[in-house]
Structures are given as C-alpha cells and as structure tokens.
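This report describes one protein chain in plain terms. Look over the sequence and the structure before reading on.

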Amino acid sequence: MSSITGTRGESVTPANPASDTMADTTDVTALLERGRALSAPVLRAAVDRLAPPMDTVAAYHFGWIDAQGRPSDGDGGKAVRPALALLSAEAAGAAAQAGIPGAVAVELVHNFSLLHDDLMDGDEQRRHRDTVWKVHGPAQAILVGDALFALANEILLELGTVEAGRAARRLTSATRKLIDGQAQDISYEHRERVTVEECLEMEGNKTGALLACACSIGAVLGGADDRTADVLEAYGYHLGLAFQAVDDLLGIWGDPESTGKQTWSDLRQRKKSLPVVAALAAGGPASERLGELLAADAKSSDFDSFSEEEFAARAALIEEAGGREWTAQEARRQHAVAIEALHGVDMPETVRAQLTALADFVVVRKR
C-alpha cells in the first residue's frame with residue numbers, strides 16, 4: 001500500500017498492512033458512502049425534531065444548507081464513525097441495518113463535540129466554511145450541541161430493547177470520557193510542560209473513546225455479548241489514537257486546502273499535541289530552543305499577531321527535535337495494535353478485511 005506524502009515532505013504509512021488481498025481491494029469510499037447513505041435519513045429526521053432555530057442551525061452545521069438557509073452540498077465529514085458502527089453489527093453476525101441507530105447516535109455525539117470544541121478553541125473554519133458560532137453566535141452553538149447529545153440518547157433508548165440500554169450505557173460512558181479529554185486539552189494549553197503519557201491519555205479520551213464506541217455499538221445492538229463488544233472497542237480505541245496522531249500532524253503541517261483550517265492551526269491555539277510534547281521531551285538544542293519559545297509565547301501579548309514565519313520556525317524546531325517523526329511512528333504503532341485486536345473476534349473475513357481497510361485509510365489520510 002502506498003503512502004500519502006504531506007505538503008512539506010513526510011508520509012505516514014501503516015505498519016504491517018494486512019496480507020489478506022481483500023483488505024487491499026476493499027473500496028473504502030464505498031464503505032464510507034454506505035455509512036452515510038444508511039444513516040443520513042435517520043440523522044435528518046432526528047435533527048427535524050429540534051425546535052426552531054436549532055433545526056436550521058444544526059442543518060447548517062451538517063452542511064445541508066448554507067448560511068442563508070439555501071440547500072447546500074457542503075462537506076458533512078467523512079462518515080468514518082457511521083461506517084464503523086455498521087461494520088460492527090456485521091462483525092457480530094447481524095445485518096448492517098441493525099447498527100443504524102448506533103451509527104446515528106455516535107454521529108450526533110461527535111457533532112455535539114465539534115460544535116462545542118469550535119467555540120472553546122475559537123476556530124472560525126470547519127470543513128471549508130465558517131463555524132456555527134461564527135455564523136449563528138455562541139449561544140446557538142452551545143444549545144444545538146446540547147440538543148444533539150440529547151437526541152443521541154433518545155435515538156437509542158426509544159428502541160426499547162435490552163440491547164438499546166446496553167448501547168446507551170456505552171455511549172454515555174464514551175461521551176463522559178470525551179468531555180474529560182476536552183477538559184484535559186484545554187488545561188494543557190496553559191501548562192508549560194505536558195508529558196507524552198498525559199497527552200496520550202488525553203487523546204485516548206478525546207478521540208479514542210468515541211471511536212471505540214462506534215466500533216462496538218453496532219455489535220451490541222446486533223445482540224453481541226460484552227466480550228465481543230469489548231474486543232471491537234479495543235480495536236476502535238487504538239484506531240482513535242492512530243487517527244488523532246495523524247490529526248496532530250495535520251494540525252501543524254496539513255495543507256489548508258485539505259484540512260479546511262488555517263496553516264499551523266494547532267500552534268496558533270498553543271495546543272500541546274503529540275508532535276509538540278514529543279519534541280519537548282526529546283532533549284537537545286532544538287528541543288530546548290522550542291521550550292524557550294513556547295514559554296515566551298505563553299506570556300506574549302503579541303501572540304495573536306505572529307507572522308507565518310514565526311509559526312513556521314516553531315514547526316521547524318518541532319521537526320528538528322524529532323516530534324514529527326515520533327508522532328508518525330506512534331500512528332503506525334497504534335494502527336498495528338488496532339489490527340491485532342481484530343484477531344480476538346470470530347467474524348466474516350470480508351468484514352475483517354473492511355475493518356482493516358478503514359484502519360489503513362485513517363492512518364494514510366492525505367494532508
């Protein structure tokens with residue numbers, strides 16, 4: 001499998017790609033489109049339950065309408081989580097359709113987190129257009145985010161089955177961990193030093209927990225026992241850590257045309273992401289100089305007016321200290337652990353190949 005090269009050089013290639021030829025020929029685009037197509041009608045119906053203007057604000061966030069309320073073909077995201085929820089059901093021997101409520105619930109929670117994160121981080125762009133708080137105001141971003149979280153639980157619990165109750169407990173637990181991760185992320189921005197272990201814990205909560213839930217919730221709804229669900233959850237958790245490691249690379253070196261965010265976006269927000277933390281922990285002249293600059297940045301009143309060159313200099317120090325390469329290696333390591341976890345479940349080989357292909361896609365995203 002070929003790697004994807006970033007805008008400034010380095011590539012991330014999965015370690016130990018599956019030898020099964022089905023994984024090499026699996027159409028990931030088709031898997032993502034299936035997840036989107038099967039979940040979209042239920043997702044739209046859920047959003048239609050919201051009182052005005054929250055229904056319109058949510059529709060804008062999902063890319064269904066533009067800022068003026070006109071129908072739009074805006075980018076609603078890659079739909080990785082719905083695709084995983086449907087495959088989760090199939091891994092447990094159920095039909096993909098059994099996972100649809102779980103796919104929708106996880107997607108609602110994911111977007112609840114995006115609405116709140118954009119406001120807390122001050123992000124003005126997502127998916128190549130203005131964020132909800134920028135267009136509709138902070139109050140609507142908060143309210144709609146809260147409403148999406150409530151809808152997620154409603155979608156599951158209204159099924160009225162024992163499996164639905166089990167699925168709701170997993171979703172609620174994952175959401176609490178996600179919120180823990182966001183709190184950790186914010187607190188780390190104000191700390192001079194964060195350990196690699198702390199950063200991985202934060203990212204496991206903020207990203208790994210919900211992806212883990214996506215990978216188990218369909219199986220639970222399909223009648224799987226807890227052992228099967230837990231193994232699929234482990235796959236999703238490590239996949240989430242790989243996903244976030246790649247996202248951290250994108251947050252510094254990603255092409256704005258692909259990411260929809262500003263250049264050096266994580267550096268602008270003073271995020272203690274994996275490349276930064278790994279570089280600071282590495283020692284050596286570049287690491288020490290980076291630490292001095294970041295400490296000065298935290299006290300600077302002119303930080304918001306820094307030039308592109310100043311951010312580029314910090315990114316160069318991170319790379320020189322080894323933070324970029326360490327993060328790429330960590331993405332590959334977590335990818336390998338995720339794939340290994342799949343061996344703990346007896347599932348159709350086609351489904352195993354599709355889960356492997358989706359894991360490869362997550363780690364080899366274009367940036």
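Gln-140 has a relative accessible area of 16%, which is under the 20% limit, so Gln-140 counts as buried. The structure shown is a predicted model. Gln-140 belongs to helix H7, which covers residues 138-157. Setting aside residues up to four places away in sequence, Gln-140 touches Pro-53, Met-54 and Val-57.

His-110 can be described in the same terms. Is His-110 buried or exposed? With a relative accessible area of 14%, His-110 is buried. The helix that holds His-110 is H5, residues 100-121. Not counting residues up to four places away in sequence, His-110 touches Arg-81 and Leu-210.

| Residue | Relative accessible area | State |
|---|---|---|
| Gln-140 | 16% | buried |
| His-110 | 14% | buried |

Burial can also be given for the protein overall: buried residues make up 56% of its 367 residues. In soluble globular proteins, nonpolar side chains tend to be buried together. Here the largest nonpolar core has 89 residues. Which of its residues touch the most other members? They are Leu-84, Leu-108, Leu-148, Leu-171 and Tyr-235. Helix H9, residues 196-221, gives the most to this core, with 13 residues. Another core, of 19 residues, lies apart from it and includes Trp-253, Leu-280, Ile-318 and Ala-328.

Leaving aside neighbours within four places in sequence, Leu-171 is in contact with Ala-105, Val-106, Val-109, Ala-152, Asn-153, Leu-156, Leu-210, Cys-213 and Ile-217. Leu-210, one of these contacts of Leu-171, is also touched by His-110.

Next comes the overall form. The secondary structure comes to 17 helices and four strands. The radius of gyration is 20 Å, close to the 21 Å that the globule rule gives for 367 residues, so the protein is as compact as a globular protein of that length. Along the principal axes, the C-alpha atoms fill a box of roughly 60 × 50 × 30 Å. Of the contacts between residues at least 6 apart in sequence, 75% join residues at least 24 apart.

The surface and the charges remain. The accessible surface comes to about 15100 Å², and carbon and sulfur atoms account for 52% of it. The protein has 36 positive and 55 negative charges, and the mean positions of the two sets are 1 Å apart.

Note on methods: Residues are numbered from 1 along each chain as its sequence is written. This is a predicted model: local features need pLDDT of at least 70, side-chain atom pairs count only at pLDDT 80 or more; totals for chains, interfaces and linings use all residues. Side-chain values use heavy atoms; hydrogens and water are left out. Helices (H or I, at least four residues) and strands (E, at least two) are DSSP runs, numbered from the N terminus. The radius of gyration is taken over C-alpha atoms; the globule rule is 2.2 Å times the number of residues to the power 0.38. Buried means under 20% relative accessible area, exposed over 50%, partly exposed in between (1.4 Å probe, protein chains only). Contact means heavy atoms within 4.5 Å. Accessible areas come from the Shrake-Rupley method with a 1.4 Å probe; for residues, only the protein chains shown count as cover. Lys and Arg count as positive and Asp and Glu as negative; His and the chain ends are not counted. The place of a charge is taken as NZ of Lys, CZ of Arg, CG of Asp or CD of Glu. A nonpolar core is a set of buried Ala, Val, Leu, Ile, Met, Phe, Trp, Tyr and Cys residues joined through side-chain atoms within 4.5 Å.
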